[in-house]
Protein chains: 2
Amino acid sequence: MSKGVVVVGSVALDSIKAIAGEHKDILGGSATFFSLAASRFTDVKVVAVVGEDFPKEHIEMLHSHQIDTEGLEQVAGGKTFRWSGVYSDDYVERTTLDTQLNVFETFQPKLSEEYQQTPILFLANIHPALQLDVLNQTKKCEFVACDTMNLWIDTTMDTLAEVMKKVDLLTINDEESFLLTGKRNIYLAAEEILKMGPKYLIIKRGEFGAVLFAKNKRFLLPAYPVTNVIDPTGAGDSFAGGMMGYLSTCDTIGFEEIKRSVVVGTLIASFSVEDFSVTRLEALEISELEEREKYFSEVTGFNSFKML
Amino acid sequence: MSKGVVVVGSVALDSIKAIAGEHKDILGGSATFFSLAASRFTDVKVVAVVGEDFPKEHIEMLHSHQIDTEGLEQVAGGKTFRWSGVYSDDYVERTTLDTQLNVFETFQPKLSEEYQQTPILFLANIHPALQLDVLNQTKKCEFVACDTMNLWIDTTMDTLAEVMKKVDLLTINDEESFLLTGKRNIYLAAEEILKMGPKYLIIKRGEFGAVLFAKNKRFLLPAYPVTNVIDPTGAGDSFAGGMMGYLSTCDTIGFEEIKRSVVVGTLIASFSVEDFSVTRLEALEISELEEREKYFSEVTGFNSFKML
């Protein structure tokens, strides 16, 4: 029996240019990717904000995946958060062309009684003060993970440090781990970060995979081999959604379960990047996930063997 | 019973600046790192050239590891190949400060009758015309691997293409795979490269590990987690040495054996970078390798599991 998960983050309209095509005002945002990914495993409750201009069909699509949008506030007369960016032809570089926070600028996440009781929580990349505020609203939280970004490390480190003390798991990328610690080696950075509060840490390395850390424990996983990258937007949030969705189906959450959840997150992210927006996630069948899981296990496993 | 391996490459005196220290005229070169790494597993025969200035103690050290230097030509009156470079403090960037080819400029590798009969051959990164010349000298070669670099892809592609048709395994890095194929995705690049001749391909990704390819087969391995990088010079050649040394102990060489050899190469490289020159490789005990192998298997393995 799954426990259900609450995600607090952004729901946005993205305009994206990439070698694979150009799309204007397509559905995006951290909470969106997370929800679709997690909904494969568990009941998802979304806390986010959109404007009056937000297309009704997107909300209907979320509902069709049993995603609870009671916490998705719609501001009358407001405009939805918009982001636009362009990817280099090899997808290595991403340049932001425009950011319009709109209703997201004054976003004050509110958790209803039911949401407060949900045992699994993901704080997507939003202002640490808001993350802290959400943490203070929760009542029966069993497992909390959070994401963050270089902007908050640079400008709001004190508040972020408070958040880090209260979460079970932090997910960041390698550059952010360096920025947080001044180290330039993820293994050294991880040691420092675990001292800052979180019991678990996942350092995401994009196309090179992810590494999970706990005290004296590590788990290294390459990325799933994807040959047809179309749009990497939301890959990290899809990863988190798959991971947290899987964890919410576990009776207890320890290193072994999180290890498996990193595999699930990796697989989900591999689908997410194969189309624009959440298109590929919407169509994703569990059988496809299982197929990739089997293949991934084959191409990453080696049996321990005696050297000489 | 191991088959023995011949390596053709460079023996050099390196001058290196890094955050960990500065050293002048220390023992380096692709054949050197390769030999020390491979000598843990098999008899190694070196084909390379040095000048009259080459310290006798280095040759004695190679002999103390049972490395055969009959093919190491010493040119009377000549000067040894020298390379000098500096690493950025995070070891991400390497800048060449000076290259003096000296006796390496007119290097003409000659294989003695015994060397020609050795079944395993590694062509380190030298001019493709020399690699081709060595291939034509071999008689009972069972397995040949070769390395190359961007310079030869840019300037001597025709000859390199001939070499690629004659080798079993090519080892290159990701940038070189892109340069060879015009693709910007290693999985797509690998498909193209396998069509160019080699039955097996290893794409090295430095701190992010390596990927092994054969037709419709892949094996993805992260790098071993190293926290005390001192000098990454020769990591790729140490990797190749461990790999080929291991392969020369195998009765037959197929995908499974090469997969294991990639693990061995990864482990050997993890030691190589922990000190300047071949210092760490010289001191390396098999028990240390076994210990890392066990740990590596633990931190990279995940059991296949049913999703839902």
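Mentor: Both A:Phe104 and A:Phe107 are buried, where buried means under 20% relative accessible area, exposed over 50% and partly exposed in between, with a 1.4 Å probe and protein chains only. This is a predicted model, in which local features need pLDDT of at least 70, side-chain atom pairs count only at pLDDT 80 or more, and totals for chains, interfaces and linings use all residues. Residues are numbered from 1 along each chain as its sequence is written, chains are lettered from A and ligands numbered from 1 in the order in which they are written, and side-chain values use heavy atoms, without hydrogens and water.

Trainee: What makes the pair of A:Phe104 and A:Phe107 stacked?

Mentor: Rings of Phe, Tyr and Trp (its six-membered ring) pair if their centres lie within 6.5 Å; planes under 30 degrees apart count as stacked, over 60 as edge-to-face and the rest as tilted. The centres of A:Phe104 and A:Phe107 are 5.5 Å apart and the planes are at 20°, so the pair is stacked.

Trainee: What aromatic pair does A:Phe208 form with B:Phe208?

Mentor: A stacked one, with 3.8 Å centre to centre and 5° between the planes. A:Phe208 counts as buried because its relative accessibility is 19%.

Trainee: Why is A:Cys141 called partly exposed?

Mentor: Its relative accessibility is 26%, so A:Cys141 counts as partly exposed. A:Cys250, at 9%, counts as buried.
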